[in-house]
Amino acid sequence: MKTVYNFSAGPAVLPKPVLEKAKSELLNYQNSGMSVMELSHRSSLFESIIQDAEQLLRELMQIPNNYRVLFLQGGASLQFTMIPLNLAQNKKAQYINTGTWSKKAISEAKKLSNVTVEVIASSEEKNFTYIPEVTEEMIDPDAAYVHITTNNTIEGTAFTTLPKTGKVPLVADMSSNILANEYNVEDFGVIYAGAQKNIGPAGLTVVIIREDLLGLSEVPSAMLDYKIQAESHSLYNTPPTFSIYMAKLVFEWIKEQGAAAGMFKQDQEKAALLYQALERSSLFSSPVNPANRSLTNIPFITGNETLDKKFIAEATEMGLENLKGHRLVGGMRASLYNAFPIAGVHALIDFMQAFEKENGG
Ligand code: PLP
């Protein structure tokens with residue numbers, strides 16, 4: 001099989017040992033004679049899987065006991081609605097607009113007629129190429145929460161320091177850098193993430209929520225009610241069983257890598273290699289403000305669309321897959337999530353250098 005490095009922003013590369021393990025257990029999980037996909041979600045075998053997954057995530061992120069871990073569906077996108085629905089009915093919610101996904105979170109919250117949405121800072125006027133400053137004076141002490149996107153997948157920016165929100169809960173969309181950074185869970189009221197980048201296959205959404213934020217509002221749907229989901233230990237209805245199993249295997253792998261701290265170190269190394277190569281290059285450059293650069297999503301451009309296209313086509317032929325930038329940003333983007341191997345970063349840099357030599361710089 002040819003060596004392929006998958007730079008996809010999501011669904012993204014999974015650790016090879018995890019895929020091997022899943023393959024070895026695919027038809028006969030723990031001598032049950034059944035695949036995980038065929039197990040009842042009420043069976044003791046599956047209950048152990050979901051409990052182990054939660055326990056591992058608690059260990060990896062050092063999640064305190066007064067936080068609940070929920071395994072839900074609907075992607076991070078459904079959280080754009082669940083968060084205001086559960087936390088901000090008849091209240092104000094404050095948002096920081098740092099990219100396409102923040103904008104979607106804002107526009108979904110605005111659809112709820114009894115939620116007042118206030119955008120307190122934005123970097124939209126500069127195509128989201130930086131993270132705006134947020135001062136304590138901007139925070140309304142009566143707000144239900146302040147929402148941020150810790151890592152902006154499309155634009156390639158990330159918060160390096162968290163806004164200080166005092167007693168107002170900080171709610172974070174961590175879809176593209178959960179477990180790739182050493183966050184202190186206690187700094188947040190809610191953390192949520194679609195699984196398909198650093199956790200496992202698509203179809204699973206992880207929510208980590210402080211207990212006192214459960215049951216604050218009447219929610220007109222059991223499925224959308226955090227309290228009901230927490231009380232039923234994410235088994236209110238049939239959960240995405242196979243994705244939860246895969247997440248458990250990924251968590252075991254992350255534990256072997258030194259938990260979130262170990263991943264952060266590896267991700268810093270990988271990102272530094274690519275950013276240094278971009279600094280050295282006279283053809284390629286990063287469009288993002290140096291102080292706010294993401295470790296996990298790294299956009300780069302030549303400044304010439306025809307050359308970008310040529311680069312992407314030739315890179316794909318070399319097995320460097322999915323380097324095309326998001327249609328809103330253009331150029332290229334390398335997503336270097338936890339499971340992305342450092343050898344792939346070296347392969348990309350070697351190819352960039354060869355391309356630069358051939359195409360002038
Ligand atoms: N938020 C961020 C930061 C994302 O990167 C994405 C997807 O790429 C989403 C939200 C949407 O996630 P989902 O497709 O799970 O709804």
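Guide: Two strands pair if DSSP finds at least two bridges between them. Strands here are DSSP runs of E with at least two residues, helices are runs of H or I with at least four, and both are numbered from the N terminus. What you're looking at is a predicted model, where local features need pLDDT of at least 70 and side-chain atom pairs count only at pLDDT 80 or more, while totals for chains, interfaces and linings use all residues. Residues are numbered from 1 along each chain as its sequence is written.

Visitor: How do you know that strands E2 and E10 pair?

Guide: Count the bridges: E2 (residues 67–72) and E10 share six, against the required two, so they pair, and the sense is antiparallel. Arg68, for one, has Ile209 in E10 as its bridge partner.

Visitor: And what makes E9 and E10 a pair?

Guide: E9 (residues 190–194) has five bridges to E10, again antiparallel. That passes the cut-off, so they pair too. Gly194 stands opposite Thr205 of E10.

Visitor: Why is E10 called mostly covered?

Guide: Strand E10 runs over residues 205–210, and five of its six residues are buried. Buried takes 20 or more other C-beta atoms within 10 Å of the residue's own, 12 or fewer makes it exposed, and anything in between is partly exposed; C-beta atoms are placed from the backbone.

Visitor: Why is Arg42 called exposed?

Guide: Arg42 has 9 other C-beta atoms within 10 Å, and the limit is 12 or fewer, so it is exposed. It lies in the loop between helix H1 (16–25) and H2. An unreviewed UniProt entry lists Arg42 under "binding site"; such annotations may be inferred rather than shown by experiment.

Visitor: Which residues are around the ligand?

Guide: Among them are Gly10, Trp101, Asp173 and Gly194, where being near means a C-beta atom, placed from the backbone, within 6 Å. Helix H3 (residues 75–87) gives the largest share of this shell, three residues. By class the shell has two nonpolar, eight polar and one charged.

Visitor: How do you know that domain 1 and domain 2 are in contact?

Guide: The chain is divided into domain 1 (16–256) and domain 2 (259–359), bounds that come from an automatic or database assignment. Contact needs C-beta atoms, placed from the backbone, within 7 Å; 26 residues of domain 1 meet that with 23 of domain 2, so the domains touch. On the domain 1 side, H2 gives the most, three residues. The domain centres, taken over C-alpha atoms, are 27 Å apart.

Definitions and conventions:
Contact = placed C-beta atoms within 7 Å. Nonpolar A, V, L, I, M, F, W, Y, C, P; charged D, E, K, R; others polar.
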